[in-house]
Amino acid sequence: GSPVFSYTNISFGPNVVEFVSSFADTAIDWIWNFGDGQTFTDNDSSIQHTYTNCIYMACLQMYDQFGCYSPVVCDTVIACELSNSCNAVYIYNDSCGTVAFNNLSTSLDSLTYHWNFGDFNEDSVEYPVHTFPFSGGFEVCLTIADSANLCFKTYCDSVWVHVSQLACEFSYNQLSHNPNVVNFFDMTTIFPGSEIANWEWNFNDTTAVVTGIQNPTHTFNGCEYLVCLTVTDSSGCSSQFCDSVHLCDDNILEIINPEIINAFYDAATNSIVVSFSNGNNGVEEINLFDILGRKQFNKNDFENSAIQQTIRIPFGNKKSGLYFLAVRNKYGTKSIKIAVIK
């Protein structure tokens, strides 16, 4: 048959446990696996073992006088006092001031959690993600409670974070029309203790992204573009600024103006509504970009018509924020900023 064993706590700190097994009359050897990486074979039905922590899975197999091995039986052993049966601990990963905490706490029963991030903010979830206001060290404390076993523990550690101290911005100066040659100037505000390691310019035309140049000169083929500058510090943290760049003479763009084109976000239908009159010099293409210059929508199958037209751009699950609508005809492009607030 299968063996049976029980255990008794002999002492705490050190955590000494005594095991007692059945079949003392027929067994020759008792083969113990204490669950902490240690095994032992003994010729006595009782044995004592010292544990360093609280919770283990101990197993027993017996060898009898007839040369047979019994099935293996296992059971949970609580080697410590119940008030020490839970343990609070965490590790973390910082991403430019936004820290993901990996909670590694253990207990015999369900836990409740309380986080104090050391910046006057708190949380009660198991795996929080928290954004700190500035670079430096914060004492973050995790308190756990296993009320069923009256176990309460607090673990504190210094969490070091790096927050980007760059406020990205740029200006530009147009050198010529047709071709539209433009000088760009990095105007990023750099706070003490920070420095820029890289510049990345996205002109959102057919050319490649330009990196490593602080003040580039660029030639455009059209009239209006959404240009984005991303600056990165030596720790890999970035700040980004995007702005529409208007390059053509006003008389060239008169055919596309706010009186003819109207665009706004309609919360009732969760869409951007664009209205315009599409005559002989009417709209040929509409693009929607987010603040990072990523294209969200495109339509280029318009027909010339003098009547007023309205289209709706479905917004779906896109986030609230600032978007840019680029409306193009044969004379140029008009960029319209649209604030989306859900």
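The protein chain comes out with zero helices and 30 strands, where helices (H or I, at least four residues) and strands (E, at least two) are DSSP runs numbered from the N terminus. Its radius of gyration is 34 Å, well over the 20 Å that the globule rule gives for 342 residues, so the chain is more spread out than a compact globule. That radius is taken over C-alpha atoms, and the globule rule is 2.2 Å times the number of residues to the power 0.38. This is a predicted model, so a few ground rules apply: local features need pLDDT of at least 70, side-chain atom pairs count only at pLDDT 80 or more, and totals for chains, interfaces and linings use all residues. Residues are numbered from 1 along each chain as its sequence is written, and side-chain values use heavy atoms, with hydrogens and water left out.

Taken along the principal axes, the C-alpha atoms fill a box of roughly 105 × 50 × 35 Å. The accessible surface of the chain comes to about 18,200 Å², and 50% of this belongs to carbon and sulfur atoms; accessible areas come from the Shrake-Rupley method with a 1.4 Å probe, and for residues only the protein chains shown count as cover. Of the 342 residues, 40% count as buried. Here buried means under 20% relative accessible area, exposed means over 50%, and partly exposed is in between (1.4 Å probe, protein chains only). As for contacts (heavy atoms within 4.5 Å), 55% of those between residues at least 6 apart in sequence join residues at least 24 apart.

On to the sheets. Strands of a sheet pair through backbone hydrogen bonds, either parallel or antiparallel. W115 has D123 of β11 as its bridge partner. F120 sits in the loop between β10 (112-116) and β11 (122-123), and is exposed at 86% relative accessibility.

Most residues other than glycine have a negative phi, and most peptide bonds are trans. Phi of F120, however, is positive, near 70 degrees. C96, likewise not a glycine, has a positive phi of about 55 degrees. C96 lies in the loop between β8 (90-95) and β9 (98-103) and is partly exposed, at 30% relative accessibility. A cis peptide bond, with omega about 15 degrees, joins G13 and P14; P14 belongs to the loop between β1 (5-11) and β2 (15-21).

Next come the charged pairs. Side chains of opposite charge can pair when their charged atoms come close. With a salt bridge taken as a side-chain nitrogen of Lys or Arg within 4 Å of a carboxyl oxygen of Asp or Glu, the count comes to two. One joins R312 to D266, with the closest N and O atoms 3.3 Å apart. This pair links distant parts of the chain: R312 is in strand β28 (residues 308-314) and D266 in strand β24 (residues 262-266), 46 residues apart. R312 is partly exposed at 47% relative accessibility, whereas D266 is buried at 18%. The other salt bridge brings together the side chains of K299 and D301, at 2.8 Å from N to O. K299 is partly exposed, with a relative accessible area of 23%, and D301 is exposed at 53%.

T232, in strand β22 (residues 224-233), is buried at 18% relative accessibility. Beyond its neighbours within four places in sequence, T232 has contacts that include L166, E195, I196 and C237. E284 falls in the loop between β25 (271-277) and β26 (285-290) and is partly exposed at 33%. E284 and F302 are 18 residues apart in sequence, with their C-alpha atoms 5.9 Å apart in space.

Finally, I55, L82 and L108 make a nonpolar surface patch of about 220 Å². Patches are made of residues with over 30% relative accessible area and no salt bridge, with like charges joined within 9 Å and nonpolar side chains (Val, Leu, Ile, Met, Phe, Trp, Tyr) within 5 Å. I55 lies in strand β6 (residues 55-64) and is partly exposed at 35% relative accessibility.

Notes
Two strands pair if DSSP finds at least two bridges between them.
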